[in-house]
Amino acid sequence: MARTGQDARARRNWRVVGGAALASVFCAGPAPAETVELEEIFVTSPSPIVDERRTASDGASAPGVLPVIDQAFSAMTVTPRSEIVRAQPKTLADALSDRPGIAGSGFAPGAADRPIIRGLDGPRVRILENGLGVHDVSALGEDHAVPINPLVDDRVEVIRGPATLRFGSAAIGGVVSAENQRVPAFEPPGGFSADALAGLSSVDGGRDAAVRMQAGADGVVIHADGFRSRSGDYDTPDGRQDNSAARATGGSVGLSRVYDSGFFGVAYSRYESLYHVPGGEAAELNTRLDPEQDKLQARGEHRFDGGPFEAVRFWVNGSRYRHRELGLEHEHEDEHGHEHHDHDGHGHEHGEDGVHAVFRNRETEGRVELQHRPAALAFGMVTGVLGVQAGYRELRTSGEAGSLIAPTDSRNVAAYVFEEIDFGGGFRVQGAGRIERASVDGAATIFPGLTPDGSPLETEKRDRSFSPVSASLAALQSLPHGFVASVSGRYSERAPAALELFSRGSHHAQGLFEIGDSDLELERATSLEVGLRRAEGLLRFDASAYVTRFDGFIYRRLTGVKCGHDFDSCGVEDEFDQSVYSQRDATFRGAEIAAQLDAFRFSRSTLGFDASYDFVRATLSGGSNVPRIPPHRLGGGVYWRHDEGLFLKVGLTHAFAQNRTAEFETRTPGYDRLKAEASWTRRFDEPGARLKEVTLGIAGDNLLDERIRNAASFKKDEILLPGANVRAFVAARF
């Protein structure tokens with residue numbers, strides 16, 4: 001039977017206020033009828049157990065939702081299912097990049113486009129699926145895609161603050177979590193639920209489709225989903241962007257046993273993709289990647305009737321990932337002007353397809369949490385969890401990737417604690433701590449400098465071990481009229497990643513000759529953030545300001561030297577830009593604000609306005625700029641919503657020119673991005689109706705057909721983002 005939800009006082013609820021759905025911590029009383037009950041992401045007060053059933057209205061929240069929610073101590077940005085249905089994003093960055101403080105890496109738009117949070121990317125942004133890492137190689141290079149398609153997700157979240165230490169110390173920028181029911185945690189209402197969506201886009205001839213199904217009876221629940229996305233080379237104001245096509249398919253099956261005190265289940269998922277890398281030489285050589293991943297997931301929860309602990313939860317993942325980097329062979333001339341041909345192991349020459357590199361990643365990860373019972377102390381109510389986490393990773397490479405990095409093994413084990421004290425009077429404090437042991441075994445190559453000087457290269461086996469320690473503290477005070485003020489601080493230590501330590505050669509798809517530093521030390525960051533939020537009433541907003549100071553910030557800097565496939569060619573050939581991993585102190589500071597006002601209410605309609613602004617300023621010691629930082633952005637729009645399901649919205653975002661660039665980095669011009677949407681949703685409330693809801697709509701993006709370049713992308717000088725696009729979509733829920 002389905003879970004009973006006896007701990008409803010701790011549910012995270014969705015309030016529908018003036019048509020805008022905003023999540024808040026609900027601490028007493030039963031859930032209202034219109035509530036959508038969401039799965040627990042992190043501990044709330046006074047009891048963090050959550051009833052994971054969803055009501056029949058799940059995913060049906062009204063459009064025009066402010067995408068920032070008060071989640072106790074720091075903003076948790078959410079793209080809910082209703083917006084996924086209408087936007088139909090192909091990547092996690094697509095799902096999030098309109099939010100203040102979030103951008104995308106934009107290496108291959110619609111494919112290799114990893115989220116960037118507050119100017120931080122790579123290993124500083126931890127990407128999860130259902131509580132554990134996605135187990136890919138996207139943090140090793142911007143050309144590598146994340147093997148997640150949001151079309152099958154319930155929601156995509158960005159988590160910041162003390163709660164991030166539950167998932168790892170490296171997530172200084174934040175945690176991006178794709179949440180779905182591939183391992184079912186509840187029986188669907190009525191024993192069965194399903195939904196499907198489809199869309200067409202004009203700019204690239206794109207076609208997207210996804211279907212999800214869940215059925216259960218007598219405590220046994222089955223889940224199945226599948227998706228397919230396909231697009232051709234997209235159009236820009238300057239014409240077709242060659243070599244920008246992409247396609248992806250995948251799906252999952254899962255089985256769970258659900259009972260009164262919890263659940264446990266397993267799921268298998270498969271992801272396949274083939275995407276091209278546009279711009280410059282990558283387009284000339286028809287460069288493309290074909291990632292594929294098989295993943296086995298298991299998770300569960302059991303709630304105890306007595307004793308010191310309320311519940312135990314576990315998550316376990318195991319996966320195999322592989323991608324090949326394909327393309328034509330490169331033609332070059334030596335210093336005497338004689339033409340030569342590059343060969344791969346199969347003897348391909350320029351004009352023939354070959355496999356340039358292969359990346360293989362096998363990874364296993366597990367996490368267990370114990371949630372202790374609330375303790376009523378003299379100063380307040382204390383709740384929290386204790387947890388342990390461990391993981392093992394094997395990275396194997398061949399072809400050109402073998403010269404980029406030798407096989408490496410990574411291990412980590414960690415323990416963490418997360419606690420909250422409710423002092424009463426609307427004042428709460430959260431604290432978290434984490435200690436880890438991380439090791440990376442690989443081969444380090446010692447380079448004599450940026451160009452050859454006749455000295456031989458030295459390669460040696462290196463085993464690096466680190467013990468990062470991190471802690472975070474936050475306080476929140478409820479104020480009159482629904483205002484909430486917060487302040488949080490964090491100290492984090494991050495162990496260098498394998499590529500930062502041991503990279504040593506050319507990376508074909510990325511167009512770089514990368515040089516690591518095996519002597520890198522822990523990266524340390526100290527952060528302070530203040531915020532003011534209001535999640536109710538006609539005016540809703542979220543505003544925050546932050547500063548993060550890094551001791552030993554690890555970054556990749558361009559040297560201005562050009563290289564071929566090996567170090568002896570550096571300073572002679574010009575196929576790749578040389579980059580070196582370096583470590584310097586740095587400071588990041590910025591602010592974000594999002595606001596929404598239901599200005600006029602007449603008859604059964606609401607007319608409102610929204611606005612947003614964000615910026616991040618990042619400098620290295622000495623005053624130079626951190627490379628590839630997103631620009632200031634200012635946006636606003638107007639929306640109209642009718643109670644019968646009609647929704648109209650027009651919004652304009654202005655991105656300012658990015659002139660604060662690093663050495664050898666070019667400036668990026670500003671642009672105006674106009675978007676519009678019209679959608680209609682019909683709900684069928686008749687008893688016994690099989691079709692519960694249908695949504696039809698049309699949306700436009702970059703309607704001014706602006707020449708848009710992504711300041712945070714390595715490819716910004718070579719590619720434009722898609723031009724004017726019109727997309728039609730349909731979705732149904734059963």
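The following legends describe close-up views of a predicted model. Local features need pLDDT of at least 70 and side-chain atom pairs count only at pLDDT 80 or more, while totals for chains, interfaces and linings use all residues. Residues are numbered from 1 along each chain as its sequence is written, and side-chain values use heavy atoms, with hydrogens and water left out.

**View 1. Strand 36 and its partners, strand 35 and strand 37.** Strands (E, at least two residues) are DSSP runs numbered from the N terminus, and two of them pair if DSSP finds at least two bridges between them. Strand 35 (residues 605–620) runs antiparallel to strand 36, with ten bridges; here S612 is opposite G635. Strand 37 (residues 646–655) is also paired with strand 36 in the antiparallel sense, over nine bridges, and G637 faces G651 across this pairing. Three residues separate strand 36 from strand 37 in a hairpin, where G645 in the turn has a positive phi of about 105°.

**View 2. The two faces of strand 36.** In a regular strand, side chains alternate between the two faces of the sheet. Strand 36 spans residues 633–642, and its covered face consists of R633, G635, G637, Y639 and R641. L634, G636, V638, W640 and H642 make up the uncovered face.

**View 3. The disulfide of C563 and C570.** A search of the whole structure finds one disulfide (a pair of cysteine sulfur atoms within 2.5 Å). The sulfur atoms of C563 and C570 are 2.1 Å apart, and the link is right-handed, with 105° about the S-S bond. Both C563 and C570 are buried (under 20% relative accessible area; exposed is over 50% and partly exposed in between, with a 1.4 Å probe and protein chains only).

**View 4. The aromatic pair of F553 and F588.** Rings of Phe, Tyr and Trp (its six-membered ring) pair if their centres lie within 6.5 Å; planes under 30 degrees apart count as stacked, over 60 as edge-to-face and the rest as tilted. The count comes to ten aromatic pairs. F553 and F588 form a tilted one, 5.4 Å centre to centre with 55° between the planes. Because F553 lies in strand 33 (residues 539–563) and F588 in strand 34 (residues 576–602), the pair ties together parts 35 residues apart in sequence. F553 and F588 are both buried. Ring pairs link F550, F553, Y555 and F588 into a cluster.

**View 5. Arginines over aromatic rings.** A charge sits over a ring if NZ of Lys or CZ of Arg is within 6 Å of the ring centre and within 35 degrees of the ring normal. The charged end of R118 sits over the ring of Y546, 4.1 Å from its centre. R534 lies over the face of F483, at 5.3 Å from the ring centre.

Conventions:
Helices (H or I, at least four residues) and strands (E, at least two) are DSSP runs, numbered from the N terminus.
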